[in-house]
Amino acid sequence: MKKSLSRRLAILSDAAKYDASCASSGSGRRDSAKSGGLGSTTGNGICHAFTPDGRCVSLLKILLTNFCVYDCAYCINRSSSNVERARFTPEEVVWLTLEFYRRNCIEGLFLSSGIIRSSDHTMEQLVQVARDLRLKHGFRGYIHLKTIPDASPRLLEEAGRYADRLSINVEMPTVAGLEQYAPQKKAGGIRQAMGEMRLKIDAGKERSHTGRRAERFSPGGQSTQMIVGADAASDQDILASSANLYGSYGLRRVYYSAFSPIPDASALLPAKSPPLQREHRLYQADWLFRFYGFAFGELTAGRADGMLDLELDPKLAWALDNRALFPVDLNRASKEMLLRVPGLGVKAVAAILRARRHQAVRLEDLARLNVSIRKVRPFVQTPGWSPARLTDRQDLRSLFSPAPQQMSLL
Amino acid sequence: MTRYVLTLEDSAAFEPWREMARAALQRAVPPEALDWRIRGGETDLFGQITDDGAGLEALTALPVVKTVTLRASCIALLPDLLCHSDPGRFALAYRIAWRVQGNPHLLEVVTDADIARARIMVRQNREDCHKMASFLRFREEPVQQGEGQGERRRFLAWFEPQHHILERIAPFFSKRFTDMDWMILTPRGSIRWDGKELVCSPEPCEQPELDDGFGELWDTYYASTFNPARVRTKAMRREMPGRYWKNLPETRLIPQLVAGAEARVRTMAEQELQPAPAFHERLRAREQLPAEPMPDVAENLEDLAAQVRTCTACPLHCSATQAVVGEGPADARIMVVGEQPGDQEDLAGRPFVGPAGQLLHEALGEAGVDRGALYLTNAVKHFRFRLQGRRRIHQNPDAGHVAACRPWLEQEIALIRPKLIVSLGATALRALDGPGMAMSDVRGTSWTVGRGENAVRRLALAHPSWLLRLGEGAQAESERQRFVEGLTRLRDFPDQSGS
């Protein structure tokens, strides 16, 4: 008997939730004012709800089917798993997307799929959903499509025309890890597809000398995901891989997904999942790379085991390892150096640069910029405030480490 | 000092405030002498009704002492500020307008107490708009009798914004939900859209009954997309504060999702390994078919390309996208050997498609050489680079990389048997002729290696990327000319070998 739509929605959203990517951003602004249709994108993305795992619900994140010919150890949909299988028709996905969208539950669709029959067959189905949404229904909301490596260039081109973002998951930080856990996936094929997408995304941004726009191709760029803690890769390995991905393929985002227990798990997987704190630290490091001018190498340089400090955030840990550079004069330091002060965010730095053109910034002014004075105090210097030399304090780390928790007696 | 009481509606309307503020500024009435009040809530900040102040009429009766215009920076900030529901907003706006007269840069001084407060209020308004765009839910209204097919669908929503933001946020909804009719009801007024006109009304609304039977499907999605192995309710509450929950039906599920999470994770951990389903065995059996072994020495260019793509002889394969093999006819008489693929070549998987390749093609054209007759390849097949932020900076391959890649180049030469091999740059020269020759000695010259049947002409030229690095100017121009002249030898290379 065919399963009900509701049952299949449950199966195919459960199957899709291990992909951390949720962004509905990066595609610029677009709306239906002229077309009279449905949908818009705001540029920054909108989260329409949050689930108790702390993740946002922005896009309808589902698989077309969770049947898959691949047997990737970390994946809930691998062929050797006994999970319940189901599939949607492209029409059903289109209908669900539009109805949820009309009720303002979602920003759009994030569609992926298990590999069925062939790469081209799977990709063709994904593209059909996007094509119908755009052409038949005039849908102008966000569409994120998973790209299947080795799919034909014609399908990739069409996907790029309709999608706001494309992604292929590299899955494992190292080639050896991928070979071990995803024997049917080929690191080379994934990189090649990312390279091809980068060239097309770059070309899509260009204008000819007459000012004519090139054909639209995934204006929100491409992203990828790595699974953390399933193999033995250290944070240093993971971040080195990220650096290469950002540099080589101009990715908008690399997502880090702490490998999560799944039903009917493979024996290849470690019995214990990694601490979520590790994933959190990797995201912080990623953030420091993308917005604060840090190189990944700097963040792990002081760590003997190549792992980020779980107790301290990477920026603070870096500052403690580089005490000689502090304190920083808030009224003289360059923007680059201000960005490296623990406790100062991008917005606070912009505000300081703006304010100090007209009058000296004092320590107490920082409170008005939503900055924690307790946290920045040891690292900055202002008129009327000068911290004791950091290097003189042996106990500096303990000032920031979380208070030890008393063990429960029972 | 006389105090003047100025009373405004509890709305975000900018013009009424502006009129009053202008009147007061023109009469040089300091902020301390004004008591801004909201109609209906005619109490001062301490909850006292004070009647001791004079009214607007008394204020306008004062003589005008100066002409005042609001600065553009104020016009940009203050209308946003007045959307806030804080009763002190009118007084704060006036204080800023007053102080700006003496300090034109005031709005830049974000550490100033007034400016900092104003920025917080504007941010809160923006957040309120964002939350409304996020957490408002439409429900479909049943089609009324007499309405046929093809009518626009009708939707209704209820939301409780914190501030006076309806007019700000209304266009967001009309530009998004353009093809349907809808109404948004709030305690601070309503917005209506019928496909043509967007109407905002300040009339407070009552919460309607909303249910179109679609909520269940959304509940299903919400519950299924939650991962029980990572409960982080603090993060959820930070982004979706409790005050919004009562109008978000799916949040009813949260207690049971959280309560059941631990047991679900435990069940997963304790689950015993089960035999794989039958289709898995069939799939894997198909995979077991032995692949054809690759020969040690390739018999044609396709086989060679397949082998090169799997090369791991040096560490460059770890960071490069792919090995870039040569391109051109298998019976080409002339082979051109460059250094290594660059950024663009690495991404595209084809040699000489980047800026240096472009220059080479132009120069070949100027020299009158048919590019299609050439076999183009590189001494090293993988791209060597170092990362600088988000950019890949080309690095010359070293002797180890060249040596590791040499067997591929030798096989290409053996398969194509070119009569003339042109090296571009020092790396290609070293790969072809060993470390004994210096680029400065042989650039632009040609010579023969081998004898009789095996005799091959060699020509050494500069690498086009070196020409690119020279930039513009007299030297660059003369070097480019020299390069083109060198390439004319390809055009003039005689059909008969050995001459």
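At what angle do helix α11 and helix α15 of chain B pack, and how far apart are their axes?

**View 1. Helices α11 and α15 of chain B in the predicted model.** Helix α11, which covers residues 301-309 of chain B, packs against helix α15, residues 399-416 of chain B, at an angle of about 175°, and the two axes are 11 Å apart. Since angles over 145 degrees count as roughly antiparallel, α11(B) and α15(B) are therefore described as roughly antiparallel to each other. On the α11(B) side the contact is made by Leu301(B), Leu304(B) and Val308(B), while α15(B) provides Trp408(B), Gln411(B), Glu412(B) and Leu415(B). By class, the residues of this contact of α11(B) with α15(B) are five nonpolar, one polar and one charged.

**View 2. Helices α3 and α5 of chain B.** The axes of helix α3 (residues 72-81) and helix α5 (residues 113-135) of chain B come within 9 Å and cross at roughly 60°, and α3(B) and α5(B) are therefore oblique to each other. The crossing of α3(B) and α5(B) is left-handed. Leu77(B), Asp80(B) and Leu81(B) of α3(B) make the contact with Ala118(B), Met121(B), Val122(B) and Asn125(B) of α5(B), and these residues divide into five nonpolar, one polar and one charged.

**View 3. The contact between chain A and chain B.** Chain A gives 69 residues to this contact and chain B gives 68 residues. Among the elements that give two or more residues to the side of chain A that touches chain B are α1 (5-14), α2 (90-102) and α7 (235-249) of chain A, but the largest share, six residues, comes from α6(A). That side of chain A has 28 nonpolar, 25 polar and 16 charged residues.

Notes. Residues numbered from 1 in each chain as written. Chains lettered and ligands numbered in written order. Predicted model: local features only at pLDDT ≥ 70, side-chain atom pairs only at ≥ 80, totals over all residues. Axes fitted to C-alpha atoms, helices over the stretch in contact; angles between N-to-C directions. Helix = DSSP H or I, 4+ residues; strand = E, 2+ residues; numbered from the N terminus. Parallel < 35°, antiparallel > 145°, perpendicular 65-115°, else oblique. Left-handed = near helix turned anticlockwise from the far one by under 90°. Contact = placed C-beta atoms within 7 Å. Nonpolar A, V, L, I, M, F, W, Y, C, P; charged D, E, K, R; others polar.
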